[in-house]
Each structure stands twice: as C-alpha cells, then as structure tokens.
Amino acid sequence: MALAALAACAKAPAPSGQADPHEVANRRTHEANLRFDRAFFAPTSNAYGTILPQPVRQGVSQFSSNISLPGTMVNQLLQGEVEDAVHNAVRFLFNTTLGVAGIFDIATDIGLEERDTDFGETLHVWGFAEGDYVVLPFFGPSTERDAFGTAVDFFINPLSYVIPKPEGYLSPASEVISRFGDRYDYGDTFDALLYESADGYATARLFYLDSRRYDLGVEVEDDDLYDLYEEVYE
C-alpha cells in the first residue's frame, strides 16, 4: 500500500533513441528465436489454427486472459490504479461465472472491457528507467525493466497459490496454447516484420520500443522518433 501511495509521486525518465549496447548478443538470441520459430513454433501454430475452428481458439484465448486477470489487478493496485483494479474485478466475476471460467467474454458485451497492464508498467510508474534493449529467448524483444517485469509476472497472480495441482497448471498451459493462436492469427504480419524486411532485428527493435513507449504514455520528442520504413527499407 505504501508503494502504491508513492506511485503517484514517481515518474520514470523519458527514454530517447535506442539503447542497444548488447546488440551482438541480442542478434544471436534473435536468430536463435527465428530458428525456433521456423522449426517448431510456426508449423505447430499453423497446425493448431488449421485443426481447431476459430471459436475454439478464441475460447482458449479468453480463458487464458481471464485466469491471468487477478495478476493484472495486483499490478493495478501497486500502481495506485484502484478504479482499474475494481473494473477488472467485476469483469473477472462476470466472466468466471456467467462466462464459464472466461471461455465466453460476457463482460466485454456489457461494457466491461479488459484494462491490461503488467509489472513492467508497474516499475515504470514507480520511476524505474527503461534500461537497455534486450532480446529474451523465446519471448523476443524487451528492455531490462520489462524483462524483470516479465519474470515477476510469473509469480504475481494470486490464483497460482490457491488453485491446487494439477488444476493449477491450466493457467500456464492455456497461456502457451493461446500464443499458438496468436502466431496463427497474425502470421502474415509477423512474417513481414521479421522475415521480409531488410533487417528483421532492427525492425523488431524499432517496433517494440515505439509501441511499448506509446502504451506506457511516454512523451517522446519529435527528434527522437524513428521512421519505420526509412530505417528498414532505405
């Protein structure tokens, strides 16, 4: 509660440019991720999307999103965003009951859309700097701050401590399966971004940093903005 109270007083310094002192190592990890994608992730995602109809894939994704919502609520409380936490709590209640554990997204239909966040954003609210750009094995583009946030998010969901095993494995399993659905649904965009651009690594870095800063509401000077097409295709 003390951290939440201090959150309103903290503000992370606005990042600029692309701090990538680990580019050599990052590029190696990036290439390893692409090899994993070509050998396993992409073909498995295509099989998943071909075999299962879209309503089934959507149900899996919605279940995964719903069961992870208590962790999102914890982050919102740590950020001092009590209204968002209450909003998501009501959403969780509706979807868990009327939506059959979240397989059906009843809440969105009545105006209770999901308000998403993560521990990386919590650190941003607390005033932690973005840090250097890093590429994580399997997870892909990140920053030092977001990488730490990703690790914490694995343990922040209170449901993981109250649901007994083996039922407790449903949450991480559904998260992994939903990623196959995402890869299938957005495969063309993913391939264009990483395989068809002049430098897939630079494109992914630019896309991640710009979109992440936008999501966090970071104000960036015009001189610090990059033209995606100019950098990739010039």
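**Rings in a predicted model**

Me: How many aromatic pairs does the structure hold?
Reply: Rings of Phe, Tyr and Trp (its six-membered ring) pair if their centres lie within 6.5 Å. This is a predicted model, where local features need pLDDT of at least 70, side-chain atom pairs count only at pLDDT 80 or more, and totals for chains, interfaces and linings use all residues. Residues are numbered from 1 along each chain as its sequence is written, and side-chain values use heavy atoms, with hydrogens and water left out. The number of aromatic pairs in the structure is nine.

Me: Is the pair of phenylalanine 36 and phenylalanine 41 stacked or edge-to-face?
Reply: Planes under 30 degrees apart count as stacked, over 60 as edge-to-face and the rest as tilted. Here the centres are 6.4 Å apart and the planes make 15°, so by that cut-off the pair is stacked.

Me: And what about phenylalanine 119 and tryptophan 126?
Reply: Their rings sit 5.8 Å apart, centre to centre. The angle between the planes is 85°, so with the cut-off at over 60 this pair is edge-to-face.

Me: Is phenylalanine 36 buried, partly exposed or exposed?
Reply: Buried means under 20% relative accessible area, exposed over 50%, partly exposed in between (1.4 Å probe, protein chains only). Phenylalanine 36 has 31% relative accessibility, so it counts as partly exposed.

Me: Which residue has lysine 165 over its ring face?
Reply: A charge sits over a ring if NZ of Lys or CZ of Arg is within 6 Å of the ring centre and within 35 degrees of the ring normal. Lysine 165 is 5.6 Å from the ring centre, over the face of tyrosine 169.
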